[in-house]
Amino acid sequence: MRVFLIAAIAALIALPAAADEKPVQLKKAPGLDKVEANCQACHSLDYIPMNSPFPNAALWDAEVTKMIKAYGAPIDDADAKAIAEYLKANYGS
Amino acid sequence: MITRRHLLGTAGASAALALTGNTFAEAAGAGLTPGVPPGLGTVATMEALPGKKPLIKLSYRPPNYESPLEVFRTPITPNDEFFVRYHLADIPEVDAKTYKIKIGGDGANSPIELTLDDLKKLPAFEVVAVNQCSGNRRGLSNPHVVGVEWGYGAMGCARWKGARLKDVLEKAGLKKETIEVAFDGADGPAVDKTPDFIKSIPVWKAIEDSTLIAYEMNGQPLPHWNGFPARIVVPGWTGTYWMKHVVTINALTKPQGGFWMIPAYRVPVGKFPLRDRFISQENATSTPITEMVVNSLITSHRDGAKVNPGKVAVSGMAWDGGYGISSVQVSTDGGKTWSAAKLGQDLGRFAFRPWSFDFTAKKGKNTVMVNAINKLGQSQTPELIFNPAGYHNNVMQNITLNA
């Protein structure tokens, strides 16, 4: 069910460049919905676990800011905060 | 061949296990370079892009796939096993029939357009050259830094054929005020606000004889994932300048701006022993990455491999920024004494240079260290030269072989 849902969201947001993009399942924890809604328009979610668990809290904050400021991710402050907290708790050090 | 069958076997297993989480990841996990962030092991898988053999998938979209170590046992990397690297996810299939390259910019007297046929009518040149991602081995940085966490395999060496960039620039009438030549590819960002990937090189590099607009790779059209129908080839320099699907070439009298020139792809000034400088882009603290540092890779064995006591043949590749490899030194006593490896076929100064070395393995643990030296006398570093983007990692390998 979960898998189907993510695939559906991904399909809505962007067409995968490669035909075979499989859903990337991140850890189920508070904030995951915000990550799934905001972090896969430009790239697949494997970018997150790939860069883990080494980032400390400041680095995850900086990464979310970088996505917004440098790459133009349209994410509001409340969601950005929830996403950063999720990343620190689940993919941080 | 054992290697290929092994890869295909792994991929078959992966497909069957596709949705079962960890088991799936472990299949590729076994092939990852030791030292990459542990999280990579949970998402890396052996997967085949259309037209490619299974490679190590780091990210699906944009596609970032590296070649497993065994691919580097030959000095020419097969097209279907050549690594794939994109920053941005909107990657069109370019139609060769309607494809055009626009050559212009404020440094060009008479802007022109070239079709693929026009390009092929120009005198053709060939060069065997290593294409290595600037971030190759980023995953081995200590401490880790963010980015695509490549192991050893974000590189390959191919025979590139194409027109010289300088011949094309000449047709567009290069003004003497030109300081840089900038490239844009047909691919772009998925979201408009993300900066497009545009890169420039200094004009002196653009008009070097070896700098090409290549339409062939190892005697074949370029694979889609490696820049079909044509890409820029900048022998000696890291992959960031080798623009894929190139559609715009601009001669510039002012430095190219944009995210991918600054702050991206920079190294701290003075930290690396490089000769090539990109002065129009340099500032007090950072400078664009330029040529590759001298480096080598053991490809006959993975770290921790089992061998039989007695004679063991260790081999691999060495390369640099285009000065040429003068020697490869091997130590089997932890760096106390070094002996010269035998160098293999010389495919030119920009190519992988094969090397091999025989030693007698004793029962138990054996170590093998390798250090390549180029014709400028530059050698690999014993300790990582840390930099925030994880570039230029040419730390000497030190692997263990268990007999």
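This is a predicted model: local features need pLDDT of at least 70, side-chain atom pairs count only at pLDDT 80 or more; totals for chains, interfaces and linings use all residues.
Residues are numbered from 1 along each chain as its sequence is written, chains are lettered from A and ligands numbered from 1 in the order in which they are written, and side-chain values use heavy atoms, with hydrogens and water left out.

**View 1. The sheet that holds strands E19 and E20 of chain B.** Helices (H or I, at least four residues) and strands (E, at least two) are DSSP runs, numbered from the N terminus. Two strands pair if DSSP finds at least two bridges between them. The open sheet has 4 strands in the order E20-E19-E23-E24 (chain B), with antiparallel pairing. Strand E20 (339–340) and strand E24 (398–402) of chain B are at the edges, each with a single partner strand, so one side of each has no neighbour in the sheet.

View 2. E21(B) is joined to strand E22 (residues 353–361) of chain B by 2 bridges. In that pairing, B:Leu343 stands opposite B:Trp355, and B:Lys342 stands opposite B:Ser356. Strand E18 (residues 310–319) of chain B pairs with E22(B) over 9 bridges, in the antiparallel sense. One of the facing pairs there is B:Lys311 and B:Thr360.

**View 3. The contact between domain 2 and domain 3 of chain B.** Chain B is assigned domain 1 (4–85), domain 2 (100–288) and domain 3 (295–402); the bounds come from an automatic or database domain assignment. The C-alpha centres of domain 2 and domain 3 of chain B are 29 Å apart. Their contact (heavy atoms within 4.5 Å) takes 33 residues from domain 2 and 24 residues from domain 3. The size of an interface is often given as the accessible area lost when the parts come together. These two domains bury about 2500 Å² between them, 63% of it on carbon and sulfur atoms; buried area is the accessible area (1.4 Å probe) that two parts lose on being put together, summed over both. Across this interface the rule finds 0 salt bridges, a salt bridge being a side-chain nitrogen of Lys or Arg within 4 Å of a carboxyl oxygen of Asp or Glu. The rule does find 9 residue pairs in polar contact there (both at pLDDT 80 or more). A polar contact is a pair of N or O atoms within 3.5 Å; within protein, one must be able to donate a hydrogen and the other to accept it, and residues adjacent in sequence count only if both atoms are side-chain atoms. On the domain 2 side, strand E7 (124–132), strand E8 (155–164) and strand E15 (266–268) of chain B are the elements that give two or more residues. E7(B) gives the most, with 5 residues.

**View 4. The interface of chain B and chain A.** The contact takes 36 residues from chain B and 28 residues from chain A. The area buried between the two chains is about 2600 Å², of which carbon and sulfur atoms give 64%. B:Tyr60, B:Arg61 and B:Val146 supply 32% of the area that chain B buries against chain A, more than any other three residues.

**View 5. Salt bridges between chain B and chain A.** The rule finds 3 salt bridges across this interface. In one of them, the side chains of B:Arg61 and A:Glu21 meet at 2.8 Å, N to O. B:Lys57 forms a salt bridge with A:Asp46, and the closest N and O atoms are 2.8 Å apart. This pair runs from B:Lys57 in strand E2 of chain B to A:Asp46 in the loop between helix H2 (32–38) and helix H3 (47–50) of chain A.
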